[in-house]
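Morning, everyone. Please have a look at the structure on the screen before I start. I'll keep this brisk.

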Amino acid sequence: MFTDEQMSRAVDLQARSYELLRWVSSAVKKGFISFKAAHNYSSNSSAAEEWIIRHYLNIPEAAKPALEDMKDFSGIFSTYLENSFELVSNPGKHLYSPDAHCFCPICSWLIDAPNLKTRKLTSADKKRAQRMTLGALNHLASEQGVYLSEMRSKAILEDVSLREHLALVTYGLDLLSRMKGVAVGPASLVLWRTFAWLPSGSPKKKFRLSAELLLQAEQAVKEAIFQEA
């Protein structure tokens, strides 16, 4: 299903598009880019591609795609505002305390809130992520010529040891769809947090998505499929 070259490219484009989104948010805060313009080209694949080409020389190297990757890059970039983030026009201020150790008036102060805010997840988002995971499992099984009954699929989905592997495989498939500008909404963020966050609810330190991780996850799910067959 996945190849190393295919997923290495997808992961690189994802990382660059995220950096571009952060840069755009910073430019909005500084007044270099209007909120309306930023929202328009950040949420539409064609508009994004046109804007990126027009401003290509000004984009930071870490956020800049190769010209031959422009269409797929713009597709991923345009999905971020629907999948994971909200671009807020007037974010206001929020209370800040170093290391959140104390929020008394002496140890805390107000700072400008970021324009880019992570979306809040709902039970509907989590259910959609579960449906996506089941679809990815059945897709992979079908490619292997294996039919999984509802009972066998459920056994794999409920295997705690496969939880992150299944989320990675599903996220990888979604990433390929995002290259075409297809956004599934915050369910994508649910998948990300399944493997990039700890069960306790905090991000894994220094976690970095890679093609190797995706391919290893695919292999683990394949082995589970054949064990259940």
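What covers the buried residues of H8? Hold that thought while I set things up.

This is a predicted model, with residues numbered from 1 along each chain as its sequence is written. Local features need pLDDT of at least 70, side-chain atom pairs count only at pLDDT 80 or more, totals for chains, interfaces and linings use all residues, and side-chain values use heavy atoms, with hydrogens and water left out.

Confidence next. pLDDT is the predictor's confidence in each residue, from 0 to 100. The mean for the protein is 88. At 70 or more we find 87% of its residues. Among the elements, helix H7 (residues 163-178) has the highest mean, 98. Strand E3 (residues 109-112) has the lowest, 46. Over residues 108-113, pLDDT stays under 50. Where pLDDT is low, the predicted coordinates should not be read in detail.

Now the layout. Helices (H or I, at least four residues) and strands (E, at least two) are DSSP runs, numbered from the N terminus. The protein has nine helices and four strands. From the N terminus, the order is α-α-α-α-β-β-β-β-α-α-α-α-α.

On to burial. Buried means under 20% relative accessible area, exposed means over 50%, and partly exposed is in between, with a 1.4 Å probe and protein chains only. Of the 229 residues, 41% count as buried.

Back to helix H8, residues 187-196. Eight of its 10 residues are buried, so H8 is largely enclosed by the rest of the structure. Those buried residues are Ala187, Ser188, Leu189, Val190, Leu191, Thr194, Phe195 and Ala196. Here is my opening question answered: the cover includes helix H4 (70-83), strand E4 (116-118), helix H5 (123-143) and H7.

Contact means heavy atoms within 4.5 Å. Leaving aside neighbours within four places in sequence, Ser188 is in contact with Asn83, Tyr171, Asp174 and Arg178. What about contacts across the protein? Of those with a separation of 6 or more, 71% are between residues 24 or more positions apart.

Next, the rings. Rings of Phe, Tyr and Trp (its six-membered ring) pair if their centres lie within 6.5 Å; planes under 30 degrees apart count as stacked, over 60 as edge-to-face and the rest as tilted. The structure holds 10 aromatic pairs.

Why is the pair of Tyr18 and Phe85 stacked? The ring centres are 5.9 Å apart and the planes are at 25 degrees, so Tyr18 and Phe85 are stacked. Tyr18 lies in helix H1 (residues 4-30) and Phe85 in strand E1 (residues 85-87), so the pair ties together parts 67 residues apart in sequence. Tyr18 is partly exposed at 30%. Phe85 is buried at 13%.

Trp23 and Trp51 make a tilted pair, 6.3 Å centre to centre, with 45 degrees between the planes. Trp23 is in H1 and Trp51 in helix H3 (residues 45-54), so this pair links parts 28 residues apart in sequence. Trp23 is partly exposed at 28%, whereas Trp51 is buried at 7%.

There is also an aromatic cluster: Tyr171, Trp192, Phe195 and Phe207.

Last, charges over rings. That needs NZ of Lys or CZ of Arg within 6 Å of the ring centre and within 35 degrees of the ring normal. The charged end of Lys64 sits over the ring of Tyr56, 4.9 Å from its centre. Arg193 lies over the face of Trp197, 4.2 Å from the ring centre. Thanks, everyone.
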